[in-house]
Amino acid sequence: MNEKRAMELPSSGIWLNAAPTTLQELRGRPVVLAFVNGTSVWSMQRVAEVTRWRARNPGRVHLVVVQVPRFEFEREPQQSLKLLRRQGVSAPIVLDAHWDIWRQFDVEAWPTLVLLNAHGVEQERLVGGAGDLERALNGLCEGLSRPLDDEEGFGSREINAEPRLPLLFPAGLVVTPERLYVADTGHHRILECNHAGRVLRQFGLGSADLINGGLGEAAFNRPQGLTLVRDVLYVADTGNHALRRIHLQSGQVDTLCGAGRAGDPQAGVLNQPWDSALNHPADVAVAGNQILIAMAGDNHIWSYDLGSRELRWRSGAGPVDVRDGSGHLAAFAQPTSMVAVQQTLYVCDSLGSAIRSVQLRGDLVQTLVGQGPWESGNVDGPRLQARLQYPLAIAMGPDSPMLWIADAGNGSLRTLRLGGGDLSTVNLPRRLHGPCALSVAAGAIWIAETDAHAVLRFDPLSGELSDVPIEG
């Protein structure tokens with residue numbers, strides 16, 4: 001008879017936000033080992049599902065997040081910690097920098113949940129999005145005498161906490177000649193500021209929720225991408241899996257599309273916003289009467305027609321890949337940022353370390369930079385030789401055919417001249433910390449330095465990089 005034995009974590013794991021522990025020390029209560037990658041939307045959604053179950057069932061199971069790197073930059077502990085906290089993860093995290101824990105538990109894909117019973121023996125594992133999570137977690141707790149007190153237990157208090165600053169992981173920017181709009185993602189709000197950083201208005205109560213209404217009523221959940229058309233600010237309300245709209249004259253916020261939870265979008269005319277789910281909308285762009293949506297959760301580009309309220313699947317086959325072609329034949333690798341110029345949409349494909357273009361007449365997808373979902377690096381030069389590492393944002397100014405790229409994995413600002421130009425690295429005074437959003441306006445490049453909880457202003461003429469002190 002093949003009896004399963006209790007497993008243990010290799011000593012090579014680096015604990016990022018909790019005191020080191022062993023599975024032996026956690027005996028007496030079931031443990032969920034969540035093998036994830038912090039750059040993967042699917043991984044983060046799975047952790048969020050377990051976190052919601054634990055909130056409904058306090059004191060029943062321990063959750064340990066095992067961060068397994070995909071990119072080279074994730075091997076650095078501080079960068080991996082920031083990456084997961086940026087997604088709202090607060091459970092104890094252990095960095096498996098060399099994949100030792102992965103091999104010890106014979107894991108083959110992320111996300112994988114390994115469920116250990118109170119004796120430390122594996123009871124079940126759920127791979128990807130498969131399996132009934134609710135049933136599995138309830139079954140894991142069968143026979144437990146009572147919930148344990150979490151007040152002073154393992155993981156009850158994070159170490160190396162983020163500093164208390166006006167911004168928390170800002171991940172969206174729009175700048176006009178007079179105004180600066182910031183998606184203060186970790187604080188679940190949108191700020192309207194002047195260029196000096198003084199806050200003029202706040203949209204969103206600052207608590208994670210999906211509520212329409214005016215100033216002091218509306219609520220967002222981890223909003224990210226922003227785009228402005230005249231006096232309307234469109235918001236990728238990522239945590240709510242919704243497309244939102246702010247009428248700047250009145251301050252009124254409403255929902256165009258989304259049901260509040262991740263799900264498979266349903267193409268067609270929507271009678272009500274909740275008639276279709278969205279799946280991790282990361283950014284929005286506008287072309288004519290169409291709101292283009294970078295859907296990072298299903299690797300598609302969708303559009304929402306403001307007149308007919310029709311939701312359309314425009315391009316992307318679904319699997320994580322960098323494949324050119326027309327419409328549904330093409331493939332994206334977690335699109336996270338976009339900019340629309342006339343009838344061309346430029347897309348930042350984060351897991352593909354790629355920059356793509358979509359011809360909106362016919363939805364033909366082509367790759368400008370990038371060789372595939374497992375090819376990344378830090379190389380300037382001709383497009384076929386150039387390499388990026390986990391880029392998260394692109395922007396383009398009105399006067400120059402130049403794409404500005406926030407190359408988050410390399411902590412740098414890159415440029416790509418359209419029409420056949422090379423990829424180049426901008427000479428900055430210092431490395432950037434997790435840049436996730438860009439805007440080009442008022443003679444400057446504005447950068448959301450997300451992991452530093454800051455907004456920066458870069459003057460391309462003088463080379464000066466300065467902090468924009470957000471107040472409030």
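User: Is Glu49 buried, partly exposed or exposed?
Analyst: This is a predicted model, and in it Glu49 counts as partly exposed, because its relative accessibility is 28%.

User: Which residue forms a salt bridge with Glu49?
Analyst: That's Arg46, with the closest N and O atoms 2.7 Å apart. Both residues sit in helix H1 (residues 41-56), three residues apart, or about one turn of the helix.

User: And is Arg46 buried or exposed?
Analyst: Arg46 counts as buried, at 5% relative accessibility. The cut-off for buried is under 20%.

User: What about Arg56, which residue does its side chain meet in a salt bridge?
Analyst: Glu134, at 2.7 Å from N to O. This pair links distant parts of the chain: Arg56 is in helix H1 and Glu134 in helix H4 (residues 133-140), 78 residues apart. Arg56 is partly exposed at 48%, and Glu134 is partly exposed at 35%.

User: How many salt bridges does the structure hold?
Analyst: It holds 22. Some residues are linked in a network of them: Lys82, Arg85, Glu158 and Glu162.

User: Switching to strands: what is the order in the open sheet of five?
Analyst: The order is S20-S24-S23-S22-S21, with antiparallel pairing. Strands S20 (325-326) and S21 (335-341) are the edges, each pairing on one side only.

User: How many bridges join S22 and S23?
Analyst: Six, between S22 (residues 344-349) and S23 (residues 354-359). Thr344 stands opposite Gln359 in S23.

Terms used: Residues are numbered from 1 along each chain as its sequence is written. This is a predicted model: local features need pLDDT of at least 70, side-chain atom pairs count only at pLDDT 80 or more; totals for chains, interfaces and linings use all residues. Side-chain values use heavy atoms; hydrogens and water are left out. Two strands pair if DSSP finds at least two bridges between them. Helices (H or I, at least four residues) and strands (E, at least two) are DSSP runs, numbered from the N terminus. A salt bridge is a side-chain nitrogen of Lys or Arg within 4 Å of a carboxyl oxygen of Asp or Glu. Buried means under 20% relative accessible area, exposed over 50%, partly exposed in between (1.4 Å probe, protein chains only).
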